[in-house]
Amino acid sequence: MVTTAALLQALPLSADYVRVLPEIVLSIFGCLVMLLEPMLDEETGQKLLGVIALVGTLVGLGATWFMAQSPGLAFWATIRIDGFSVFFHVLVIAIAAVVILSSYEYMAVQKIRAGEYYALILFGTVGMGLMSSALELVLIFIALEISSISSYVLAGFRRNSAASSESSLKYFLLGSFATAFFLYGVALMFGATGSTNIDRISVVLQSNTIPLLAYVAVAFMFVGLGFKVAAAPFHIWTPDVYEGAPAPVVGLMSTGPKAAAFAVLLRVVFVVAVPGVFWMVWVAAALSMILGNLGALVQNNVKRLLAYSSIAHAGYLLVAFAAAPALGISAAMFYSASYAAMNLGAFAVVSHFANAGERYVMLEDYEGLGRSSPFLAAMLTIFLLSLIGIPMTGGFFAKFYVFSAAVKSNLIWLTIIGVLNSGVGAYYYLRIIVMMYMRESRKAVPVTHVPFALRLALAACLFATLYLGLFPGSVLHFTQQSAAELVSTPVAPASAPIAKLSGSL
Amino acid sequence: MRTDIFSPYILTLVTFLPLAGALLLMFFPRRDRDIRGWALFVSLLTFVVSLHLPVHFRRGLEGFQFQINKPWVATPNIHYHMGVDGISLWLVVLTTFLTPLCVLISWKPVHGRVKEFFILLLIMETALIGVFTSLDLFLFYFFWEATLIPMALLIGMFGHERKVYAAVKFFMYTMIASVFMLAAILWLYAHTGSFDFVEIRDQIASGAVPHFSAAAQWLFLGFFLAFAVKVPLFPFHTWLPDAHVEAPTAGSVLLAGVLLKMGTYGMLRFNLGLFPEQSRHNAWWIMVLALIGIIYGALVAMVQPNMKKLIAYSSVSHLGFVVLGIFSFTQMGLDGAMFVMLAHGISTGALFMLAGAIHDRRHTYEISEFGGLAAITPVYAATYLVIVLASVGLPLLNGFIGEFLVLSGAFQDKPIYGILGATGIIWSAAYLLWMYQRVFYGKVTHRINESMGDLTGFEKTAIWPCAVAAVVMGVAPIMWLAAIDPAVQNALTPLVRVASRVVGQW
């Protein structure tokens, strides 16, 4: 018999809803965009939808603030709100806001109907946010799917371009394969430990001898997540998908879902501490850095070049995963944030410069940009310098911090591979700068006026890049605190209400 | 301590004044005259402000002065720690002295993208001063890397035919070498918990750093490689001739005058300061490389048909003297090394300006294109002669003092080093005077040169201060050495301690 009391206990508390408030807000705004889309006319309506979506992300940021006020577990310990998840919520929502800003004029230029586009960005952000706060592997899987499926669709949004459709299909096929790996890993983990809750799993793994199945499970999950973060050897899809997808979407894909997948990976690697993960991460980090940088050296398409660069950066980030927990987590968090700022900025410039039909994405199109548009060239240069890791930018400090964490954890060889790679990697970013400033343009590439929304997006990215490079103190303080909190959090009690409910049934 | 309220902030002011000027310059309308004028004003102001340092510097004191030490980031433990001693003091002044001259020498020759040029030049100045004033390793690396971009852009945007190749080569060489220094800095931080130079030095000296003895050799090499490429020490010098030949005049002046000194300064400060024992162990092969640099650089300079390349190789040779002096571990050698750094900065800077002057007129650096210029451009020829003699090391000019001290120091260390090094002076006289003779004496070989104009007002105001400085430094070296000497003594103390320990073991 189910008693009323047990049922009531089983219902989520109102505080629980606060802990998913950003997700709720973003979903509402996403639905709003979808509902309004057919009612608005073509021209002005498209712009209005963009504004609504942007307001949605801003309200979402406000909701995150409310969420941050009530840390704790929610929904039967499937979600935990702590500094870690607040950080990633702010990050992914801010990413969505910048992407919406940089898509604002892009949509009109490319003649893309904007309705579902903005809605999908918002829904995708819901998935990413949930990924960072979920403790339950099944919920993580659902969140992962929400974010992935919206990016599959977004990748194909330039419908009249074959490359875009190819990109979408490729991403979808390989992506669903990868998520299947993740799901398989979850199932095996359940078999090995009898739970799909990360906290429970970690307790079981710490108290008993680790069953062989757990190793396999972690490896499978790593494959799934490694695909999402574009880490070698699961990176093959990246250049093709990035090349075809609309440039602002690439900006999103390379930062948002990636950051969220890294958040999940951080929980899996550090909270579910399975020996052997270390070497898996070590190899993946080294391979990603080497293959990403080597691949980027020979690219002539800027989008492909940045795709390889994103593989390399995934490698630098993975270096943090091999480091000691508290240090590594905070380094990885900081890195995700500064990578998001500089990469979004770079893609914002690329998407504007590409012009209708994304015609101008080759390296030689950038010749003489320093003369024809000093503003765009200067912006892109700063973001590229940050990607190289030149002082005064977030990219420098992020790399510095990651490698410092690695050296502190005695990962000398991985650090040497890393610093050498960042030296070699400078070459291909420099090639773009060389094109812009040191060569004269040989063909007339029209550079249209930079619209206000894009200026806003660029300003936001620039501010974040410089702020993280010059005054990293406050952000670092936050990441260090939440990393320490994450590492030391006492394990949640067995998800009580459900157990009780099922017991009484 | 000094009660002067200005002193703690003077270094910050000197360092960031050019940057502030560059930031303001970004908002200037593209009227070239205003831009040039502003750049000159900012760089002159920086020079005047920087004179506060030598005026108020207390000579005879060891340790750092005008210090400022404020926390920047809590964890990692990064401080905004700046300070100068007798070693870095003069390098800062050298930088602020050369920059206004660079502005003047670029007044006419730089045409397109004037705004970008002067913005980069001023940013460059900030980064260079920052390198010499930082006492926090993070801060030091920060400025060290920050010098790369403006210099690469100056070469790549305003250089000559093969500018892109030279810019990229310069960038990649120094970037890849300096990441090893980064790794070494990170190691030191991981094991000492500090980026502060003074603190790390004291911790190492007291033997409190765990695992230090095992890693020290690698750390030494990590720092050394970054510095050796910058100097450039043979065999890491191949980027230098390319960078110099392709760079615009102002770029060459700063490159030879200051940028190369970052390497020797780094060796003196960090290799000797942090790793005295390893410095002693490795000194022999470093001295050999320095000697090869001196002789090889001179011989290659001799056969260069290109005037600018000749001067570039002469830098390789002169910087060899500096390294020789530093690793002789004698008071004289180090004093001399410091003095050569300053003298070379001034005389080679001036040589590049002079080379630039004929390039602006004839658009070539080929020595064979000239001849008999003394008759056509007497002022130019006379100025050139003073600078060449200073560079050759004629007594009473600045080159002599430094090289003499270095060679005495090297001789004290091992006579053979002194003897081999001394041949370098002969070689340098040979290639420079031969070049001078071919360009200025004899008959006018090319009719086109007859219409060449003599030095312009801007060129005179840019080059003559260097000539005056060369004379003053040669006549009254004590004005500089009084500050250098105690700092060098201080730098040598840990080395002497090491030496006595080695002797004690025997």
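In the predicted model, helix H4(B) passes helix H20(B) in a left-handed crossing. H4 of chain B spans residues 86–105, and H20 of chain B spans residues 457–475. Their axes lie 8 Å apart, at an angle of about 155°. Angles over 145 degrees count as roughly antiparallel, so H4(B) is roughly antiparallel to H20(B). H4(B) contributes B:Leu101, B:Leu104 and B:Ile105 to the contact. H20(B) contributes B:Phe458, B:Glu459, B:Thr461, B:Ala462, B:Pro465 and B:Cys466. By class, the contact of H4(B) with H20(B) holds 7 nonpolar residues, 1 polar and 1 charged.

Helix H15 (residues 325–354) of chain A packs against helix H21 (residues 473–488) of chain A. The angle is about 135°, and the axes are 8 Å apart. H15(A) and H21(A) are therefore oblique to each other. Their crossing is right-handed. On the H15(A) side, the contact is made by A:Pro325, A:Ala326, A:Ile329, A:Ser330, A:Met333, A:Phe334 and A:Ala337. On the H21(A) side, the residues are A:Val475, A:Leu476, A:Thr479, A:Gln480, A:Ala483, A:Ala484, A:Leu486 and A:Val487. The contact of H15(A) with H21(A) comprises 12 nonpolar and 3 polar residues, with no charged ones.

The interface between the chains was considered next. Here 26 residues of chain A are in contact with 26 residues of chain B. Three helices of chain A, namely H18 (394–408), H19 (412–438) and H21, each supply at least two residues of the side that touches chain B. H19(A) provides the largest share of that side, with 12 residues. By class, the side of chain A that touches chain B has 18 nonpolar residues, 7 polar and 1 charged.

The largest nonpolar core has 406 residues. Within this core, the residues with the most contacts are A:Leu122, A:Val402, B:Leu122, B:Leu324 and B:Ile387. Helix H8 (residues 163–192) of chain B gives the largest share of the core, 21 residues. The surroundings of A:Leu122 were then listed, leaving aside its neighbours within four places in sequence. A:Leu122 is in contact with A:Leu26, A:Phe29, A:Gly30 and A:Val33, among others. Its contacts also include A:Ala53, A:Gly56 and A:Ala96.

Notes:
Residues numbered from 1 in each chain as written. Chains lettered and ligands numbered in written order. Predicted model: local features only at pLDDT ≥ 70, side-chain atom pairs only at ≥ 80, totals over all residues. Axes fitted to C-alpha atoms, helices over the stretch in contact; angles between N-to-C directions. Helix = DSSP H or I, 4+ residues; strand = E, 2+ residues; numbered from the N terminus. Parallel < 35°, antiparallel > 145°, perpendicular 65-115°, else oblique. Left-handed = near helix turned anticlockwise from the far one by under 90°. Contact = placed C-beta atoms within 7 Å. Nonpolar A, V, L, I, M, F, W, Y, C, P; charged D, E, K, R; others polar. Core = buried A, V, L, I, M, F, W, Y, C linked by C-beta atoms within 7 Å. Buried ≥ 20, exposed ≤ 12 C-beta atoms within 10 Å, placed from the backbone.
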